[in-house]
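Hi,

Here's the structure I promised to send over. Have a look first, and my notes follow below.

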Amino acid sequence: MDIPPSTPSTPTMIHVEEEEYDQLRSFYAKKRRAPMNQVEYDEKYGYQKRLKDGGKFKKRSTKVASRYYVPFTSVTNFKIFLLNLFPIFGWLPKYDWKNSLTSDVVGGITVGVLQIPQGIAYAILSRQDPIVGLYTSIYPVFLYIFFGTSKHASLGTFAVVALMTGLAVEREAFIPSDNLNSTLLPGDEALPSPIEVSCALVLGVGLIQFLMGVFRLQFLTTYLSDQLIAGFTTGSAVHVLVSQFKELFGLRGLVKHSGPGYLIRNVYDTVTNLPKANFMCCAISLATMILLHCGKEYINPIMKRKMKSNIPIPWELVAVIISTIFVALIDANELYNVKIVNKIPTGLPELSLPNPNLIPRVLPDAISIAVVVVAVHLSLSKMLAKKYEYEIDAGQELYALSFTAIGGSFFPTFPTSIGLGRTMVGVESGVKTQVATFFSCLFVLSVSLYFGRFLETLPMCVLSAIIVIALKSMLWKLRDLKGIWKLSKIDCCIWMVAFFATVLVDVSEGLLIAIFFALFTTILREQYPKWHLLANVKDTDEFSDTQQYQETIFYKGICIFKFDAPLLFHNVECFKKCIEKVYDEWKKSSEFNFVKEPNAGKGSKFTFEGMHRIAPITEIPLHPGINRDPILPRHFVIDCSGFTFIDLMGVSALKEVFSDLRKKRVQVYFASTKVPVREMFEKCSFFDFVSKENFYPTLRDATGIARLRQTEFGSLDTTSIPEFDEISNVTNNYPTQ
C-alpha cells in the first residue's frame with residue numbers, strides 16, 4: 001500500500017486562516033451600520049448620562065473614615081481588624097509544618113549567615129559600632145514576622161540606607177576621625193552620640209512610614225520609576241565605594257568634607273594620599289576581593305552543578321573567618337598598623353528611649369530613607385509575590401515597615417531595608433514563609449551572644465572589601481545605559497540625572513532632584529505631545545498615522561488631525577499651533593481642493609433617514625448672534641480620542657480653533673470624544689457654541705458624513721460665521737481692578 005505524500009502543514013494553515021478571515025469580514029460587514037453623528041448614536045443605542053452624585057465627596061470621606069472606626073463597632077469587625085494588623089494570626093495556624101519547616105530552617109540559616117558579615121560591614125558604613133549591625137539584623141527583622149505579608153522579603157542592612165544613615169550621623173554626632181570606638185572628649189558632651197542620632201533617625205523613619213500607611217500614601221512610590229531608582233542606587237553605590245577607599249588602603253588622617261561636591265574632594269584627597277597607603281591593608285583587601293569574586297562567580301556555579309544544591313557557599317563569612325585568624329596569628333594590628341574591629345560586646349543590649357529632640361534635625365534624612373525603603377520594598381515584594389502566586393497587602397506592608405522601625409528604635413539599631421541579594425539567596429535556598437526569618441534572627445542572635453568576641457581581630461579593610469564586592473551589581477548597571485538610550489531617551493535622561501545629581505550633589509538632595517526632574521519630563525511630554533495626520537488605511541475602516549503606514553488614502557477636502565495628550569492649560573498653545581501648522585500644510589497640498597462633479601447630488605442613491613440630518617441649512621438660533629452653519633467645501637476632523645480629560649482653557653482652545661477654521665470656510669468635526677470630556681462640554685455650555693451635530697462617535701462616522709456632504713450637496717457657504725471672542729474670554733478670568 002502506497003503511503004500518500006504528506007501534505008505541507010503551512011499552506012493548509014494559511015488556507016484555514018484565510019477562511020476564518022473571510023468569515024470575520026462577512027460577520028463585520030453584516031454588523032456594519034450607517035454613519036451617524038453622536039446625538040443619533042446616543043439615541044439609537046440608549047446612552048444614559050451618569051447620575052449626578054452631589055454627595056460623592058461625602059461618600060468617599062465616609063468610606064475613608066470607616067477604616068478607622070468600623071473595627072471598633074463590633075467584636076467581629078475587631079477580630080478582622082486584628083487579623084489584618086497581625087497577619088501572623090492568619091498564616092501561622094495554616095502553616096505546613098511537614099513540607100515547609102525544613103526548607104525554612106535551611107533558608108533562614110543561609111540568610112542569617114549572610115546577615116553577619118553584611119551587618120558588621122554596613123554598621124561601619126553607617127558610622128556605628130560593628131555590633132549595631134548585628135542588632136539591626138535581629139530585632140527589627142524579628143518584628144516583621146508578626147506584621148509583614150511578604151513570605152520571602154529579607155529585611156536587614158542595606159548599603160544605600162546605611163550610607164544615608166552615615167551621612168546624617170556624621171552631620172549631627174561627634175565621631176573621632178580615626179577611631180569609632182573612642183570616647184567623647186571634654187567639651188563635646190553637647191553633641192549626641194552616633195547611636196543616639198541613629199535611633200532617632202530610625203524612629204523618624206518609622207513615624208513617616210506609619211503616616212504613609214494611615215493615609216494610604218503608598219501610591220507616592222509610583223513617582224519613583226525603575227530608571228530613577230536604578231540611577232539613584234548606582235549613584236549611591238559610588239558614594240559607598242568612595243567611602244571605603246580609606247579602609248581599603250589603610251589611609252589615616254584624611255580631612256572630612258561635606259556639602260555639594262564633597263565626593264569629588266574625597267576622591268582627590270584619596271588619590272593624593274595613596275603614597276601613604278598601608279601595604280598590608282592593600283594586600284588583605286586585594287586578597288579578599290579576589291576570594292569573593294572567584295568564589296561567587298566561578299566556584300559557586302560549579303558547586304551548584306556538581307552538588308545539585310541551591311545553597312551557596314557564604315564567601316563573605318569565609319573571608320571574615322580567614323582574615324580574622326590571619327590577623328590574629330601575625331599580630332597585624334600591632335606590627336603593621338592594620339585597623340581591626342576591636343572589642344565586640346556580647347549579651348543582649350539594653351532598651352532605651354530614642355531622643356525625640358533629635359527627630360527634627362534628622363527629619364529630611366528620615367523622609368528620604370523612608371521613601372527609598374518603601375519604594376524598594378514594595379517593588380521587590382510585589383515581584384516575588386507575583387512569581388510565587390500569593391498576595392501581599394501594600395497598605396499592611398507600610399504598617400509592617402513602620403512597626404519594625406518604631407520597635408527597633410528602642411534598641412541600638414539603624415534603619416533597615418529589604419536586601420535584594422539576601423532575598424534572592426533565600427529564595428534560591430528554599431525559603432517558603434516568614435518562619436525562615438525567625439531562624440535567621442535566631443542564628444544572628446546566637447553569634448552576637450556567644451561568638452562576637454572571636455571577631456575582635458577582624459580587619460576593617462576586609463569589611464570594606466566585602467562592601468565593594470557587594471556594590472558590583474549596582475555599579476554594573478552603568479552598562480544598561482546604552483540599551484535604555486535605544487529604548488527611551490527620556491528614561492535614559494531620568495537615569496542619568498538621578499545618577500549625576502546623587503554623585504555630584506549628595507544622596508538625599510540627589511533623590512529630590514531626580515524626582516522633580518522625572519515629574520518635569522512628564523509635564524514636558526504632555527506640554528509638547530506628538531500629533532498625527534491620519535488617513536484611511538486601504539480596504540479598511542481604520543485610520544492611521546500617514547507617517548507609519550504607506551497604504552493609506554487621503555480624501556479630497558478632508559483633513560484628519562489627532563493630538564496625543566489631554567488638553568490642559570499647559571499645552572493649549574501647542575495644540576493651537578499644531579492646528580495652524582497642519583492647516584498650512586494641508587492648504588499647500590493637492591488634497592486641500594475639492595472639485596464638485598457636475599452631476600453631484602443628481603440621481604444619487606441616498607440611503608439615510610433624511611437629507612436634512614446630513615446637511616441642515618435652516619437657521620436655528622443656538623445663542624444670540626450664532627446660527628447653525630450649512631455645508632462648507634472643506635472638512636477638518638479632530639480625533640479627540642487622545643483627550644483623556646480637558647480643562648477650561650482646553651475648552652476655550654477648542655472654541656477658538658472652531659471659530660478660526662469656520663472663518664476659513666472649513667467645517668469642523670469632533671470624533672471619538674470620551675464621555676468625561678463630553679460631560680465637561682455640557683458643564684461649560686460648549687454645545688451652545690458648537691452644535692452637537694458636529695460630534696461623531698468614530699472617525700468613520702465623521703469622514704463618512706463629510707464625504708456624503710461633499711458628494712450629495714457640494715459647496716454651500718454662509719454669511720454668518722460664529723466667532724469666538726478670545727479677548728473677552730481671557731479678561732473675564734482676571735479681576736477688573
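α6 and α19 run roughly antiparallel to each other (angles over 145 degrees count as that), because the angle between them is about 160°. Their axes, lines fitted to C-alpha atoms over the stretch in contact, sit 9 Å apart. α6 covers residues 97–125 and α19 residues 420–428, helices being DSSP runs (H or I) of at least four residues.

Before you read on: this is a predicted model, with local features needing pLDDT of at least 70 and side-chain atom pairs 80 or more, while totals for chains, interfaces and linings use all residues. Numbering starts from 1 along each chain, and side-chain values use heavy atoms, leaving out hydrogens and water.

Now the charges. There are 15 salt bridges (a Lys or Arg side-chain nitrogen within 4 Å of an Asp or Glu carboxyl oxygen). Lysine 339 and glutamate 247 form one of them, at 3.7 Å from N to O. Lysine 339 is in the loop between α16 and α17 and glutamate 247 is in helix α12, so the pair ties together parts 92 residues apart in sequence. Both residues are buried (under 20% relative accessible area, with a 1.4 Å probe and protein chains only).

Lysine 663 also pairs with aspartate 660, at 3.9 Å; these two are 3 residues apart in helix α28, which means about one helical turn separates them.

Finally, Arg171, Glu172, Arg361 and Asp365 are linked in a salt-bridge network. Within that group, the closest N and O atoms of arginine 171 and glutamate 172 are 3.0 Å apart.

Cheers

Note on methods:
Axes fitted to C-alpha atoms, helices over the stretch in contact; angles between N-to-C directions. Parallel < 35°, antiparallel > 145°, perpendicular 65-115°, else oblique. Buried < 20%, exposed > 50% of the residue type's maximum accessible area, 1.4 Å probe, protein only.
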